[in-house]
Amino acid sequence: MKNPYLTSYFPLLTIIMFSLALSVRTEMELISILKNAGIYDGMLEFFSDAGIKLSLLALLMVVYFMVFAAMKLIADTINEVSLLFFSKDHEGESLYLIRHGATIYFVGSVVSLLSFYSFIGIMAIFAVATMVYFIYFVYKISPNLTMAGLIGIVFFQVILWSTLVLGIIYLAVKVYNSLIASLPI
């Protein structure tokens, strides 16, 4: 007996585990910054050490969870729009075929928990999981595509994600530069 819904919870667990790995690493950095600035000792007058760490972890988990949930929503939308434009499958068979790709991200999230001491390690694991998923995605839907459709999907995905990531990086650099320029030095 094979239940098609057996892996339906993998996306949620994946988001939780990637969020946890990044939250733990960010919390360690944030506590170090607060200690160096002398703020952490003042916080200890109002909260216990465990209370501060737990509160920071919960707050960071919520923030990272929202970011990863939004990324999943955007990724699902981009995948389905690319299938709408380029696939000759009109029954939705392609969507069923790519469903098991969530396992790739699930394995990546488990591995990311092992490398929570490194932002670069977590990001590298996420990038590798994304590349493996993209290859899996293209491989699984390729029977329902023409050669032009295959090229279209690959370029559509690469261009949309590149534009999104570069746009976010550009905005982050603009905000950082305006913040640095406004400091009275």
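Which residues does Phe 137 touch, not counting residues up to four places away in sequence? In this predicted model, local features need pLDDT of at least 70 and side-chain atom pairs count only at pLDDT 80 or more, whereas totals for chains, interfaces and linings use all residues. Residues are numbered from 1 along each chain as its sequence is written, and side-chain values use heavy atoms, with hydrogens and water left out. With contact defined as heavy atoms within 4.5 Å, Phe 137 touches Asn 79, Ser 82, Leu 83, Ile 98, Ile 153 and Gln 157.

Phe 137 is also listed, with Phe 18, Phe 68, Tyr 105, Tyr 133, Ile 141 and Ile 153, among the residues with the most contacts inside the largest nonpolar core, which has 23 residues. A nonpolar core is a set of buried Ala, Val, Leu, Ile, Met, Phe, Trp, Tyr and Cys residues joined through side-chain atoms within 4.5 Å; buried means under 20% relative accessible area, exposed over 50%, and partly exposed in between (1.4 Å probe, protein chains only). Two or more residues are given to this core by each of H1, H3, helix H5 (102-114) and H6, where helices are DSSP runs of H or I of at least four residues, numbered from the N terminus. The greatest contribution, ten residues, comes from H6. Apart from this core lies another, of five residues, including Ile 31, Leu 34, Ile 52 and Leu 56.

Helix H3 has 38 residues and reaches 55 Å from its first C-alpha to its last, close to the expected 56 Å (1.5 Å times one less than the number of residues). Buried positions in H3 include Ile 52, Leu 56, Leu 60, Tyr 64, Phe 68, Asn 79 and Leu 83. The buried residues of H3 pack against H1, helix H2 (39-44), helix H4 (93-98), helix H6 (119-141) and helix H7 (147-182).

Leu 59, in helix H3, counts as exposed because its relative accessibility is 54%. Val 67, in H3 (residues 49-86), is partly exposed, at 41%. Together with Val 62, Val 63 and Met 66, Leu 59 and Val 67 make a nonpolar surface patch of about 440 Å². Val 67 lies 8.8 Å from Ser 19, C-alpha to C-alpha, although 48 residues separate the two in sequence.

In helix H1 (residues 10-37), Thr 14 counts as buried because its relative accessibility is 7%. Beyond residues up to four places away in sequence, Thr 14 touches Ala 102, Tyr 105, Phe 106 and Ser 109.

Note on methods:
Patch = residues over 30% accessible without salt bridge, like charges linked within 9 Å, V, L, I, M, F, W, Y side chains within 5 Å. Areas by Shrake-Rupley, 256 points an atom, 1.4 Å probe, with all protein chains shown as cover. Salt bridge = Lys/Arg side-chain N within 4 Å of Asp/Glu carboxyl O.
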